[in-house]
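Load the model in your viewer and keep the selection tool at hand. The stops below are meant to be taken in order.

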Amino acid sequence: GLRADAASGGLGDVSQRQATAGLDGVVHGWDPRMRDSAFELVGHEDLIRTMIMSSDGTRVISGSSDSTVRLWSTNERRCMHTYTHHNSSVWKLYSDDENMSTFYSGDRDGFLCKVYLDPSGHAENDQCIVLAHEAQDNSVHGSGITSIVAYQDKFVWTSNSLSPTYL
């Protein structure tokens, strides 16, 4: 079927792992040496719009039109935690942390959030803060966050479908 996003793990013993997701709301794990899906991660109730994978391929974070963000373990093949801090479709995820202990999420309503995972692994202690809200004119649609970039965990840039494009 059609896929909305794809992610690949980096070096390491699971470096061959790749993941795709999309309309069916399932994260499909792939090993290029196999023809069929290596695993499926089921839990979202709507299409998956964005996804990122840790550099070692052991974690996937997915964002969905069901307004949730899910943290998955590819080794355990299960959802480790579901984040419900968005009230609309999650359009973009970003992390420059190879272990994804910190990540950003942006949604259709223009909210930019930052999530810090608890180092001890207790998801109930994870912290989420709203960093920004894109200015929104009710007569114009398209102020949802479509891209996120962060630099050294100090500066964050976002864009939306209304952002000017320069070539």
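Select strands β13 (145-151) and β14 (155-160): each of them supplies at least two residues of a nonpolar patch. The model is a predicted one, so read every stop as a feature of that prediction.

Is V149 buried or exposed, or does it fall in between? Its relative accessible area is 43%. Buried requires under 20% and exposed requires over 50%, so V149 is classed as partly exposed.

Next, move to the loop between β6 (59-64) and β7 (69-73), and pick S67 there. Display its backbone torsions: phi of S67 is positive, about 70°, although the residue is not a glycine. Colour by accessibility and S67 comes out at 18% relative accessibility. The cut-off for buried is under 20%, and therefore S67 counts as buried.

For the last stop, go to the loop between β9 (90-94) and β10 (102-107), where M100 is found. What is the phi of M100? The value is near 60°, which is positive in a residue other than glycine. M100 has 1% relative accessibility, so it counts as buried.

Terms used:
Residues are numbered from 1 along each chain as its sequence is written. This is a predicted model: local features need pLDDT of at least 70, side-chain atom pairs count only at pLDDT 80 or more; totals for chains, interfaces and linings use all residues. Side-chain values use heavy atoms; hydrogens and water are left out. Helices (H or I, at least four residues) and strands (E, at least two) are DSSP runs, numbered from the N terminus. Buried means under 20% relative accessible area, exposed over 50%, partly exposed in between (1.4 Å probe, protein chains only).
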